[in-house]
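This briefing covers sheets, helix packing, backbone torsions and a chain contact. Please read it alongside the coordinates.

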There are 2 protein chains.
Amino acid sequence: MKVTILGNNSALPAFGRNPTAQVVTIYGEHLLIDCGEGTQVQMQKHGIKWSKLNHIFISHLHGDHYFGLPGLINSMSLLGRQAPVYLYAPAAIMPMMQNILDLADTVLTYPLHFHPLPEGSGMLVETETFKVTCFPVEHRIACHGFLVESKTKGRKLLPVQCRDYEIPRYYYDRLKMGEDYVRKDGTVIKNELLTTEGPEVKKYAYCADTLFTDSFIQYIKDADTIYHETTYLHADAEKAKMRYHSTPIQAAEIAKMAGAKQLLIGHFSSKYRELAPFRDEAMTVFPNTLVAIEGNSYDV
Amino acid sequence: MKVTILGNNSALPAFGRNPTAQVVTIYGEHLLIDCGEGTQVQMQKHGIKWSKLNHIFISHLHGDHYFGLPGLINSMSLLGRQAPVYLYAPAAIMPMMQNILDLADTVLTYPLHFHPLPEGSGMLVETETFKVTCFPVEHRIACHGFLVESKTKGRKLLPVQCRDYEIPRYYYDRLKMGEDYVRKDGTVIKNELLTTEGPEVKKYAYCADTLFTDSFIQYIKDADTIYHETTYLHADAEKAKMRYHSTPIQAAEIAKMAGAKQLLIGHFSSKYRELAPFRDEAMTVFPNTLVAIEGNSYDV
């Protein structure tokens, strides 16, 4: 599982930095989390294929987290997309999107399925390869974080060995589940000759925009990587609190409390040109901190 | 009067080209015409100051002409703007913008005055320095073009001569209107000693998205510069017609019929990487044609 940053800035675009959007990639499939203005262009620029995007998650209704959504929804239709798109977002986005489509006399070429976020925490989607749940964080308006968990697809096949031992294709799924292969003559081919250990299960916690609070620690416990906003440096901690935002030290405290392996910080205020001080501050509390840089991908 | 191109592409962003937005500058004041996604970033990039922008015009409700509006409206507020903004747009934009602001719990720091476009043609705004009227064009949904006319500020004062002849400041406005100055002793100082001819009145016609039709020629007659869309090359004239768009030859015919001095073409389909063929085609009918390039400014 990896996460690619498309926008790392807070509300006001500055210094070439864009508003919030990021893509979590699991077994080649992209999940888009938040969709600030310009996201469709950022996706093109950083090689994120729309054909591999089926699920979009919007944390809250501040514009820097969703003003790119109407454009993306429209552009996928202009390209004649057929596959459904699943949108998990605050309920009020549904009539807004419908209104935008109606006014343009647009009928999308693909089904757009809306799933309103619940009031508190809850399961949003579970597939064969991943699961996404949401949890409430504390922001100026209703806001959710998302926990993305990859599922193992079982053990990894060794293609050369499977061919050499003449394992029929229909048996591959059972090999992945760890079974041995038994020939008609009773010979047993041990599973460990045909497979190796599959990829690890990973947990990525996206904490959206939030003030510093331990109220959601329970939901992000033991995440491999936590993304936490750090809009202001510590010197502006009062301002951060007043505006329901956080500082690097606070984000680092959250990562520590949650027992995370890695912390990714972003959503930087336009007042800061330099981002290194954000990392420096966070590392005093949680050494394994990375600054989210647009276009970069991070292993979860 | 000059026009600066912020976006010259049609709906789908491609080859680094953005959706439609352009700025008409008159005596240092900017008028924004259409506001595709990314316009606020394009304005920053090309040095268009928001403090000099008071009037915004939206031609129609296809997303590539207004999806950048909510972001721009919000960002100006985040910067604490006080001066009012006047928005001339299809009526349905008003409740949409209000809904977006309400959902974000945002109260703008400045007054936003909405002026819905009339059904047909009509006057939108007249100031001391310019006048903007709108006229209907023929597109898939209701769509307006805009005619921007600069006004002369009268004759241009010659500051050295005015000082040498000891003309009192309160008299300057009358000098601009062409009056002579008469001293208390009856001596007449002829106006031509104190002023030169003022800047020319200019007309810029923005024809928005439209199929080829002479139905609006009456409104753009004798414009100095006509901006006309050319979404498709002539080989795709059938497709252009079907989708209510135009070709370079058609745009050139319009410029010729209207008696324009200059033609500016834009709104290029994402299927074309190269733009030179658009100019080549148009020039066969109307030689003084320019291709709208992002970041470039064109004298009207």
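A residue is called buried if 20 or more other C-beta atoms lie within 10 Å of its own, exposed if 12 or fewer do, and partly exposed in between, with C-beta atoms placed from the backbone. By that criterion H267(A) is buried, with 28 other C-beta atoms within 10 Å. This is a predicted model, in which local features need pLDDT of at least 70, side-chain atom pairs count only at pLDDT 80 or more, and totals for chains, interfaces and linings use all residues. Residues are numbered from 1 along each chain as its sequence is written, while chains are lettered from A and ligands numbered from 1 in the order in which they are written. Helices (H or I, at least four residues) and strands (E, at least two) are DSSP runs, numbered from the N terminus.

**Positive phi values in chain A**

- Most residues other than glycine have a negative phi.
- H267(A), in the loop between strand 16 and helix 10 of chain A, has a positive phi near 65 degrees.
- Y244(A) has a positive phi near 60 degrees and lies in the loop between helix 8 (237-242) and helix 9 of chain A.
- Y244(A) is partly exposed, with 19 other C-beta atoms within 10 Å.

**Sheets of chain B**

- Strands pair if DSSP finds at least two bridges between them.
- One open sheet of chain B has seven strands in the order 6-5-4-3-2-1-18, with mixed pairing.
- Strand 6 (112-116) and strand 18 (297-299) of chain B each have a single partner strand, so one side of each is left without a neighbour in the sheet.
- Within this sheet, strand 4 (residues 53-57) and strand 5 (residues 85-89) of chain B run parallel and are joined by three bridges; H55(B) stands opposite Y86(B) in strand 5 of chain B.
- Four bridges connect strand 9 (residues 144-150) with strand 14 (residues 203-206) of chain B, which run antiparallel; E149(B) stands opposite K203(B) in strand 14 of chain B.

**Helices 9 and 10**

- In chain B, helix 9 (residues 248-258) and helix 10 (residues 276-283) pack at about 45 degrees, with their axes 8 Å apart; axes are lines fitted to C-alpha atoms, for helices over the stretch in contact, and angles run from 0 to 180 degrees between N-to-C directions.
- Helix 9 of chain B is therefore oblique to helix 10 of chain B, given that angles under 35 degrees count as roughly parallel, over 145 as roughly antiparallel, 65 to 115 as roughly perpendicular and the rest as oblique.
- Residues are in contact if their C-beta atoms, placed from the backbone, lie within 7 Å; here P248(B), I249(B), A251(B) and A252(B) of helix 9 meet F278(B), E281(B) and A282(B) of helix 10 of chain B.
- The buried residues of helix 9 (residues 248-258) of chain A include P248(A), Q250(A) and I254(A).

**Contact between the chains**

- Chain B and chain A contribute 27 residues each to their contact.
- Helix 2 of chain B gives the most to the side of chain B that touches chain A, with five residues.

Notes:
Two residues are in contact if their C-beta atoms, placed from the backbone, lie within 7 Å.
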